[in-house]
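This briefing covers the contacts, core, salt bridges and surface of one protein model. Please look at the sequence and structure first.

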Amino acid sequence: MLIENNGVAYIIELKVDKSAKEALEQIKERRYYEGFTSKKCYLIGVSIDSRLKNIKEWTYEVIEAK
């Protein structure tokens, strides 16, 4: 999922029954942030628990424009 607002990009990867770290790693491995390097980018990994049907955990990293 990609959201852009006021010069900031939020790239969000959701994983069901997997860790938020795995979701974040997928964003980085597949370089989803490329093309948004002129902006501040938040890379956000979210883990969803299918049994509880809720967010289990989340993590993020920020990539600053150079």
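**Contacts of Lys15**

Apart from neighbours within four places in sequence, Lys15 is in contact with Ala23, Gln26, Val46, Ser47 and Ile48, where contact means heavy atoms within 4.5 Å. This is a predicted model, in which local features need pLDDT of at least 70 and side-chain atom pairs count only at pLDDT 80 or more, while totals for chains, interfaces and linings use all residues. Residues are numbered from 1 along each chain as its sequence is written, and side-chain values use heavy atoms, with hydrogens and water left out.

- Lys15 is placed in strand β2 (residues 8–16); helices (H or I, at least four residues) and strands (E, at least two) are DSSP runs numbered from the N terminus.
- Lys15 counts as buried because its relative accessibility is 17%; buried means under 20% relative accessible area, exposed over 50%, and partly exposed in between (1.4 Å probe, protein chains only).
- The side chains of Lys15 and Gln26 are joined by a polar contact of 2.4 Å. Such a contact is a pair of N or O atoms within 3.5 Å; within protein, one must be able to donate a hydrogen and the other to accept it, and residues adjacent in sequence count only if both atoms are side-chain atoms.

**Nonpolar core**

- Eight residues make up the largest nonpolar core: Ala9, Ile11, Leu24, Ile27, Tyr33, Phe36, Cys41 and Leu43. At least two residues of this core come from each of β2, α1 and β3.
- A nonpolar core is a set of buried Ala, Val, Leu, Ile, Met, Phe, Trp, Tyr and Cys residues joined through side-chain atoms within 4.5 Å.
- Not counting residues up to four places away in sequence, Ile11 touches Met1, Leu2, Ile27, Tyr32, Tyr33, Phe36, Cys41, Tyr42, Leu43 and Ile44.

**Salt bridges**

- There are five salt bridges in the structure, each a side-chain nitrogen of Lys or Arg within 4 Å of a carboxyl oxygen of Asp or Glu.
- Glu25 and Lys28 form one of them, at 3.3 Å from N to O. The two are about one helical turn apart, because they are three residues apart in helix α1 (residues 20–29).
- Lys28 also forms a salt bridge with Glu61, with the closest N and O atoms 2.8 Å apart. Since Glu61 lies in strand β4 and Lys28 in helix α1, this pair ties together parts that are 33 residues apart in sequence.
- Lys40 pairs with Glu64 in a salt bridge whose closest N and O atoms are 3.7 Å apart. Lys40 lies in strand β3 (residues 40–49) and Glu64 in the segment after β4, so this pair ties together parts 24 residues apart in sequence.
- Through shared partners, salt bridges join Glu25, Lys28 and Glu61 into one network.
- Glu25 is partly exposed at 29% relative accessible area, Lys28 is partly exposed at 26%, and Glu61 is partly exposed at 32%.

**Surface patch**

- A nonpolar patch on the surface is formed by Ile55, Trp58, Tyr60 and Val62, with about 440 Å² of accessible area together. Accessible areas come from the Shrake-Rupley method with a 1.4 Å probe; for residues, only the protein chains shown count as cover.
- Patches are made of residues with over 30% relative accessible area and no salt bridge: like charges are joined within 9 Å, and nonpolar side chains (Val, Leu, Ile, Met, Phe, Trp, Tyr) within 5 Å.
- Ile55 belongs to strand β4 (residues 54–63) and counts as exposed, at 53% relative accessibility.
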